[in-house]
Amino acid sequence: MSYGLLRGKKGIITGALDEKSIAWHVAQRAYEEGAQLFLTNAPVALRLGQPKVLAEKVNAPLVPADLTQVSDIEKLYDEALQHFGGPVDFVLHSVGMSPNVRKGKSYPEIDYEFYQKTLDVSAISLHKLLSVGRRKGAFARGGSIVALSYIAAQRVFPKYNDMSDAKALLESIARMFGYFLGKELGVRVNIVSQSPTPTTAGMGIEGFQAMYDYADKMSPLGNASAAACADFIIALFSDLTRSVTMQTLYHDGGFSMMGISEELLS
Ligand SMILES: NC(=O)c1ccc[n+]([C@@H]2O[C@H](COP(=O)([O-])OP(=O)(O)OC[C@H]3O[C@@H](n4cnc5c(N)ncnc54)[C@H](O)[C@@H]3O)[C@@H](O)[C@H]2O)c1
């Protein structure tokens with residue numbers, strides 16, 4: 001169902017790789033709610049072809065940008081601003097990757113070059129996206145920026161590895177920029193901390209299925225789906241949440257408030 005919540009709004013969506021991606025669901029919902037979109041993903045992701053399918057569905061340009069590269073981000077904003085003829089109302093940061101996770105290094109023995117890559121791709125990319133956007137005057141007054149996190153930023157999930165550190169940094173960057181962009185432009189910056197979700201990135205974590213099943217049994221509402229996450233993010237992009245900023249908002253079926261559930265005791 002469409003409520004027209006984003007009618008007249010323009011936004012950039014990063015990280016839609018395939019139909020499972022959280023960003024894919026967000027793009028579809030934003031389009032249904034009346035937004036005009038501009039899509040981007042890493043060059044390698046574009047070569048896979050699937051983001052092009054989404055771009056056609058939501059009638060949006062799709063440009064390659066490695067979000068660790070400031071020059072790519074500059075080009076991204078130049079093209080988006082030209083396309084829209086002005087600044088954007090919302091941005092979704094939906095990007096994460098850890099070479100240490102991919103190579104099966106355990107947290108106490110991570111490779112430090114990989115570690116820097118993890119932090120750069122998964123957290124510092126938000127700083128770069130916001131810093132370049134601010135410098136280019138890319139954010140409309142009253143706009144909304146959302147990035148995605150996981151509760152391993154606060155609690156220990158050993159196999160989440162150095163992504164835990166990246167998410168803690170990501171949440172801090174969102175808070176800090178929430179201050180500066182809030183003061184300067186009335187722009188909100190929030191984090192959505194999402195349930196385990198069966199996506200390419202999610203399923204790359206060792207033991208994902210066990211983490212998924214555990215969270216599902218622990219949460220009174222069960223795990224939140226990617227589609228439900230998209231609905232929540234649409235609300236955050238809309239004017240209905242215009243006074244919410246600098247928050248880590250748990251979209252997790254209640255998981256973060258639980259100690260133990262009856263399902264796990266039986
Ligand atoms: N899946 C989960 O269980 C879960 C839970 C909580 C939070 N999240 C977060 O949600 C976000 C989206 O992930 P997802 O689960 O939809 O997985 P996904 O694999 O569909 O999306 C990850 C995206 O990051 C992109 N990416 C990687 N390196 C990049 C780079 N250098 N520049 C630009 N893009 C790059 C990939 O191409 C991909 O599109 C991530 O921040 C992830 O950590 C996921």
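These are legends for a handful of close-up views of a predicted model.

Local features are taken where pLDDT is at least 70 and side-chain atom pairs only at pLDDT 80 or more, while totals for chains, interfaces and linings use all residues. Residue numbers start from 1 along each chain, following the sequence as written.

**View 1. The shell around the ligand.** Here we look at the 27 residues that surround the ligand, with Ser21, Gly96, Thr199, Ala201 and Gly202 as the closest. A residue is near a molecule or strand if its C-beta atom, placed from the backbone, lies within 6 Å of it. Three elements, α1 (22-32), β5 (139-149) and α8 (200-203), supply at least two residues each. The largest share comes from α8, with three residues. Helix and strand labels come from DSSP runs (H or I of at least four residues for helices, E of at least two for strands), numbered from the N terminus. Sorted by class, the shell has 13 nonpolar, twelve polar and two charged residues. For these classes, Ala, Val, Leu, Ile, Met, Phe, Trp, Tyr, Cys and Pro are nonpolar, Asp, Glu, Lys and Arg are charged, and the others, Gly among them, are polar.

**View 2. Helices α6 and α7 side by side.** Two packed helices are described by the angle between their axes and the distance between the axes. For α6 (residues 112-135) and α7 (residues 163-185), the axes come within 7 Å and cross at roughly 15 degrees. Axes here are lines fitted to C-alpha atoms, for helices over the stretch in contact, with angles from 0 to 180 degrees between N-to-C directions. The pair therefore counts as roughly parallel. The cut-offs are under 35 degrees for roughly parallel, over 145 for roughly antiparallel, 65 to 115 for roughly perpendicular, and oblique for the rest. The crossing of α6 and α7 is right-handed; that word applies if the near helix is turned clockwise from the far one by less than a right angle, and left-handed if anticlockwise. On the α6 side, the contact includes Thr118, Leu119, Ser122 and Ala123, while α7 brings residues including Met163, Asp165, Ala166 and Leu169. Residues are in contact if their C-beta atoms, placed from the backbone, lie within 7 Å. By class, this contact divides into twelve nonpolar, three polar and two charged residues.

**View 3. Helix α4 against α6.** Val70, Ile73, Glu74 and Tyr77 of α4 meet Lys128, Leu129, Val132 and Gly133 of α6. That contact has five nonpolar residues, one polar and two charged.

**View 4. Helix α1 meeting α10.** The axes of α1 and α10 are 8 Å apart, and the helices pack at about 55 degrees. So this pair is oblique as well, with a right-handed crossing. From α1 come Ile22, His25, Val26, Arg29 and Ala30, and among their partners in α10 are Ala226, Ala227 and Cys229. The contact of α1 with α10 has ten nonpolar residues, one polar and two charged.

**View 5. His93 in its strand.** His93 sits in strand β4 (residues 88-93). It is buried because 26 other C-beta atoms lie within 10 Å. Buried takes 20 or more such atoms within 10 Å of the residue's own, exposed 12 or fewer, and partly exposed anything in between, with C-beta atoms placed from the backbone. Leaving aside neighbours within four places in sequence, His93 is in contact with Thr14, Leu126, Leu129 and Ala147. Ala147 is 54 residues from His93 in sequence, yet their C-alpha atoms are 4.6 Å apart.

View 6. Asn59, in the loop between α3 (50-57) and β3 (62-64), has a positive phi near 55 degrees although it is not glycine. With 9 other C-beta atoms within 10 Å, Asn59 is exposed. Met246, in the loop between α10 (226-237) and β7 (248-251), also has a positive phi, of about 65 degrees. Met246 is partly exposed, with 17 other C-beta atoms within 10 Å. Met257 lies in the loop between β7 and α11 (262-265) and is exposed, with 10 other C-beta atoms within 10 Å. The C-alpha atoms of Met257 and Met246 are separated by 20 Å, the two residues being eleven apart along the chain.

Conventions:
Two residues are in contact if their C-beta atoms, placed from the backbone, lie within 7 Å.
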